[in-house]
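This briefing sets out selected structural features of the protein shown below.

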Amino acid sequence: MEPEKPEATAKQPMEAEAGDPVDPRELVSSDDEIDYSVEPEFYDPDLDDVDERWINRQRKGRTSDAVLSCPACFTTLCLDCQRHEKYVNQYRAMFVRNCKVKTDQILREGKSKRKNRKGKAADPSTTTSEAESKGQTYHPVCCEVCSTEVGVFDEDEVYHFFNVIPSNS
């Protein structure tokens with residue numbers, strides 16, 4: 001005589017029929033549960049065209065060399081920028097988004113000590129005043145979402161990006 005099976009085991013399906021629950025231990029992968037004959041609801045074939053029209057409205061007819069994103073959180077920082085002629089990983093822009101300028105910090109260009117013709121260091125008092133008068137001042141620019149430093153903001157109100165991920169525009 002055969003021993004009786006507990007009710008819990010009797011309720012578990014052995015073979016999957018259409019609409020019946022499937023025992024997860026019998027599935028090879030989760031793809032077995034997906035019906036590929038029905039078009040997924042989350043796919044919109046016209047979405048790329050809608051996105052393209054939106055970005056063209058944001059740029060107001062201007063062309064861009066790249067779309068810039070934060071290297072840490074991939075937040076979009078700039079839709080309209082120019083690539084630097086000499087340094088291909090640097091960009092400049094005037095219109096940005098998701099950026100925060102640290103106005104409390106100042107970075108100066110040309111702060112290194114200059115040497116005179118004989119190879120001796122120049123007088124420190126004149127070097128500092130020359131650097132301040134000739135060198136441009138910058139403020140660090142950070143991603144507003146994750147605070148990663150992505151570039152600098154200059155006196156002419158131009159953003160210079162050097163720590164970003166560019167993508168084709």
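**Core packing and strand pairing**

Leaving aside residues up to four places away in sequence, V164 touches L68, S69, P71, L77, Y91 and V150. The model is a predicted one.

**The largest nonpolar core**

- The largest nonpolar core has 16 residues, and those that touch the most other members are L68, L77, C81, Y91, F161 and V164.
- At least two residues of this core come from each of β2 (76-78), β4, β7, β8 and β9.

- Strand β8 covers residues 149-154, and five of its six residues are buried, so the strand is largely enclosed by the rest of the structure. A residue is called buried here when its relative accessible area is under 20%.
- In a regular strand, side chains alternate between the two faces of the sheet.

**Pairing of β7 with β8**

- Strand β7 (residues 137-143) runs antiparallel to β8, and five bridges join the two.
- H139 has F153 as its bridge partner in β8.
- The hairpin of β7 and β8 has five residues between the strands, and S147 takes a positive phi near 65° in this hairpin.

**Pairing of β8 with β9**

- Three bridges link β8 to strand β9 (residues 159-161), and this pairing is also antiparallel.
- F161 in β9 stands opposite G151. F161 is also among the core residues that touch the most other members.
- Four residues lie between β8 and β9 in the hairpin that they form, and E157 in the turn has a positive phi of about 60°.

**Residues with positive phi in loops**

- Most residues other than glycine have a negative phi.
- N98 is not a glycine, yet its phi is positive, at about 60°. N98 is located in the loop between β4 (91-93) and β5 (99-101).
- N98 counts as partly exposed because its relative accessibility is 29%, a value that falls between the limits of 20% for buried and 50% for exposed.
- S147 likewise is not a glycine and has a positive phi of about 65°. S147 is found in the loop between β7 and β8.
- With a relative accessible area of 42%, S147 is partly exposed.

Methods:
Residues numbered from 1 in each chain as written. Predicted model: local features only at pLDDT ≥ 70, side-chain atom pairs only at ≥ 80, totals over all residues. Heavy atoms only, no water. Buried < 20%, exposed > 50% of the residue type's maximum accessible area, 1.4 Å probe, protein only. Pairing = 2+ DSSP bridges. Core = buried A, V, L, I, M, F, W, Y, C linked by side-chain atoms within 4.5 Å. Contact = heavy atoms within 4.5 Å.
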